[in-house]
Amino acid sequence: MISVFDLFKIGIGPSSSHTVGPMVAANLFLASLLKQAKLADISGLEIELYGSLAATGKGHATDTAILLGLLGHQPSTIDTRLTSQYMSQIFSDKQLNIAGEHNIAFDTERDIHWYGETVLPYHPNAMTISVLLTDGSRYQQTYYSVGGGFVINDEDANNPDEDHGTPTIDVIPYPFNTAAELLEQCRKNNLSISELVLANELHYRSQEDVFGYLDSIWTSMQDCVIRGCQNSGILPGGLDVKRRAQALHLQLCAEKDQPSSKEDKLVAMDWINLYALAVNEENANGGNVVTAPTNGAAGIIPAVMHYYRDFLADYSIDGARKYLLNATAIGSLIKQNASISGAEVGCQGEVGSACAMAASALAEILGGDPAKCLNAAEIGIEHNLGLTCDPVGGLVQVPCIERNAMGAVKAVNAARLACRGNGQHFVSFDKVVETMKQTGADMMDIYKETSRGGLAIYADNRIPTASQGVSVKYSQC
């Protein structure tokens with residue numbers, strides 16, 4: 001089981017795989033490098049980006065993320081309001097201050113290489129960082145950003161069965177590799193999905209630590225919605241996409257006490273749309289968001305949580321914790337048995353996964369047993385099968401922002417539909433996850449976060465793309 005501490009991470013926009021992951025990889029490279037050499041021995045540095053990281057890296061600020069990581073910043077703690085300040089020396093003086101301690105000459109045009117047509121064997125999101133040392137030798141590492149901010153290196157990729165520090169499946173109290181095994185563990189031990197996940201988490205950490213982390217994740221999600229409702233303007237990148245959440249929030253607040261609004265049975269849907277838009281506009285602006293399980297789909301789980309908070313009578317912090325724990329089980333199963341990476345399986349792996357996680361979590365909040373939760377998750381994925389990842393201009397804006405709103409509403413419907421049933425469904429959750437994996441394998445690469453197919457080909461020629469060599473600059477209000 002993948003821990004809630006790994007699945008939900010506080011990071012930066014606009015992408016968990018193309019921004020958070022590369023920054024994490026840069027952090028890992030620094031740690032590895034310092035075991036091999038002294039900073040003072042470094043005379044040069046090069047960055048090579050492959051596949052999807054290169055094809056849409058400019059729009060996702062992949063280069064900026066890596067450089068920030070090499071400066072010593074981390075996704076969970078960086079102040080995104082100061083990004084331009086952090087990067088100024090690199091652009092003005094062509095100097096890179098590695099780990100904030102050692103300056104070397106660095107030219108972004110000369111030392112960053114984009115190989116969008118080259119895909120390394122293990123995963124389409126690949127990058128290599130290499131340094132030249134004063135003795136003439138070279139040290140390099142290749143990393144793969146596999147979605148949701150998860151990163152592995154060549155050693156991990158070539159030895160997938162070895163233990164690299166992650167707790168093994170056979171030592172937790174209630175191990176499961178499939179939904180069928182999860183359901184059997186719940187039935188045999190008379191546990192809900194959230195109770196089972198909590199018991200597994202408590203095998204490694206105290207309840208205080210687990211609850212504290214869950215509460216911090218929920219707080220960050222709520223803060224992100226608040227910021228999204230407060231900020232306005234045009235999103236960066238050249239598409240001239242206007243932020244809509246603030247205006248929608250003001251409109252909904254003004255209508256709140258009007259008779260027509262009180263009679264509208266679907267007004268909750270408008271608020272769900274708002275919550276999702278707010279989060280994903282913050283993400284598109286390069287702000288702080290929670291990977292849930294990715295940045296591209298970061299609005300769905302918090303939007304449904306806000307629906308629970310604002311529209312269901314029995315909201316509690318304990319319920320919010322149960323929600324995130326339940327969602328962890330579903331996300332863990334998808335990541336282990338398929339993928340949450342848009343570059344690997346398309347947006348079905350991002351929005352589809354988040355929809356399934358939110359649907360199952362809400363089903364438990366609504367009183368659904370584990371079978372109904374898994375039915376809700378199955379519905380969430382099933383009706384996102386084949387969803388392509390085709391961001392216009394390589395930016396996480398169109399259709400990504402609206403797609404989160406649609407995914408959140410779909411998750412609520414899936415949960416309600418499943419809870420009206422008996423938990424039985426024709427296609428099992430395991431089967432639909434396997435189908436998603438196979439669909440992703442069959443999907444052409446132009447539909448997997450390369451901006452070379454689907455909606456992306458309708459981009460105006462004036463929109464900067466990776467091939468035009470124009471890097472997007474992000475700023476958090």
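Predicted model: local features only at pLDDT ≥ 70, side-chain atom pairs only at ≥ 80, totals over all residues.
Some ground rules. Local features need pLDDT of at least 70, side-chain atom pairs count only at pLDDT 80 or more, and totals for chains, interfaces and linings use all residues. Residues are numbered from 1 along each chain as its sequence is written, and side-chain values use heavy atoms, without hydrogens or water.

Cysteines, then. There are zero disulfides, a disulfide being a pair of cysteine sulfur atoms within 2.5 Å. For Cys224, the nearest cysteine sulfur belongs to Cys229, 9.7 Å away. Cys373 has its closest cysteine sulfur in Cys419; that is 6.8 Å, too far for a bond. Buried or exposed? Cys224 is buried, at 2% relative accessibility. Cys373 is buried too, at 1%. Buried means under 20% relative accessible area, exposed over 50%, partly exposed in between, with a 1.4 Å probe and protein chains only.

Next, Thr328. It sits in helix H15, residues 317-337; helices are DSSP runs of H or I, at least four residues, numbered from the N terminus. Thr328 is buried, at 0%. Beyond four places in sequence, its contacts (heavy atoms within 4.5 Å) include Ile2, Phe8 and Val197.

Now the cores. A nonpolar core is a set of buried Ala, Val, Leu, Ile, Met, Phe, Trp, Tyr and Cys residues joined through side-chain atoms within 4.5 Å. The largest has 110 residues, with Phe8 and Leu324 among those with the most contacts inside it. At least three of its residues come from each of domain 1 (15-158) and domain 2 (179-458), bounds taken from an automatic or database domain assignment. A separate core of 36 residues includes Phe29 and Ile98.

Conventions: Helix = DSSP H or I, 4+ residues; strand = E, 2+ residues; numbered from the N terminus.
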